[in-house]
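User: I would like to learn how to read a structure feature by feature, with the general idea set out before the particular case. Could we work through one together?

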Amino acid sequence: AVFCTNAINILAGVNGVECGQSIVIAVSILINSLLNLDTDCWSDHMFCLYLVCPFIGVSCAVLYYNWYPSRVFVGDTFCYFAGMTFAVLGILGHFSKTMMLFFIPQIFNFVLSVPQLFRMLPCPRHRLPRLHPKEDKLVMSTVKFKDSDLNIFGRVCLVLLPLLGLSKVTYDDEDITISNLTILNVILRATGDTHERTLTIYLLTIQVLCSCVAFLIRYQVVHLFYDD
């Protein structure tokens, strides 16, 4: 429950991202429930349908106004509502492991953020991409610190992250600047500076593709490990 709420909220601040990713996850839950209506657990999945269908309808209405340029900002109210809805569906619907598969991008974002969240590297209050006003594009957000501020774990992260293409590191005498460790910055590192609407589309595309992978794992790959 804690992970679901924070997984939605941690990417908050980009028009359409929180609501868009919630809709993709909710539609994935809807499809999963429909696929299981002819199983012994049909009543659990029917319960999920009773909750997820209104959620999708409400979220689509919110997304209409939250899409760039946003006229409504969802904030913590929607993020916690969405996250808790998913947690309740996963727990009471008895498919928590499948639910986690629908959160692949969010899990990746959390794992990537660990060095900053656990203070191996400095973590600013806000890690969202920054707006370049003249070009109307988003650029990677960064944090600056001194080499002496790092412990051994931070130094290891500083070597590994650029090698894996997950962060950009620049050196200026004793000062070190590193791009913040979020999936949004990883996308910007791969695509270059981009418009906010385009960044949202990129992320939602990744969310859809990961849901497809989740269904592949749940209904095909799982048979390699379990008989039924």
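User: Why does Asn9 count as buried?

Analyst: This is a predicted model, and burial in it is judged by relative accessibility, with under 20% counting as buried. Asn9 has a relative accessibility of 18%, and therefore counts as buried. The residue lies in helix H1, which spans residues 2-9, and, leaving aside its neighbours within four places in sequence, Asn9 is in contact with Asp76, Cys79 and Tyr80.

User: How many helices and strands does the chain have, and what share of its residues is buried?

Analyst: The chain has nine helices and five strands, which follow one another from the N terminus as α-α-α-α-α-α-β-β-β-α-β-β-α-α. Of its 228 residues, 44% count as buried. The radius of gyration is 19 Å, which agrees with the value near 17 Å that a compact globule of 228 residues would have.

User: In what order do the strands of the open sheet lie, and in what sense do they pair?

Analyst: Strands of a sheet pair through backbone hydrogen bonds, and the pairing can be parallel or antiparallel. Here three strands form an open sheet in the order S3-S5-S4, with antiparallel pairing; strand S3 (142-146) and strand S4 (169-172) are the edge strands, each pairing on one side only. From one strand to the next, the twist averages 20°. Five bridges join S3 to S5, and Lys146 stands opposite Asp175 in S5. Four bridges connect S4 with strand S5 (residues 175-179), where Val169 stands opposite Ile178.

User: Which residues of helix H9 are buried, and what do they pack against?

Analyst: An α-helix has 3.6 residues a turn, so residues three or four places apart point the same way. The buried residues of H9 are Glu196, Leu199, Thr200, Leu203, Leu204, Gln207, Cys210, Ser211, Ala214 and Phe215. These buried residues pack against helix H2 (17-35), helix H5 (96-101), helix H6 (104-117), strand S2 (137-139) and helix H8 (183-191). Helix H9 itself, with 24 residues (196-219), reaches 35 Å from its first C-alpha to its last, close to the 34 Å expected at 1.5 Å a residue.

Technical notes. Residues numbered from 1 in each chain as written. Predicted model: local features only at pLDDT ≥ 70, side-chain atom pairs only at ≥ 80, totals over all residues. Heavy atoms only, no water. Pairing = 2+ DSSP bridges. Helix = DSSP H or I, 4+ residues; strand = E, 2+ residues; numbered from the N terminus. Axes fitted to C-alpha atoms, helices over the stretch in contact; angles between N-to-C directions. Expected span 1.5 Å × (residues − 1). Buried < 20%, exposed > 50% of the residue type's maximum accessible area, 1.4 Å probe, protein only. Contact = heavy atoms within 4.5 Å. Rg over C-alpha atoms; globule rule 2.2 N^0.38 Å.
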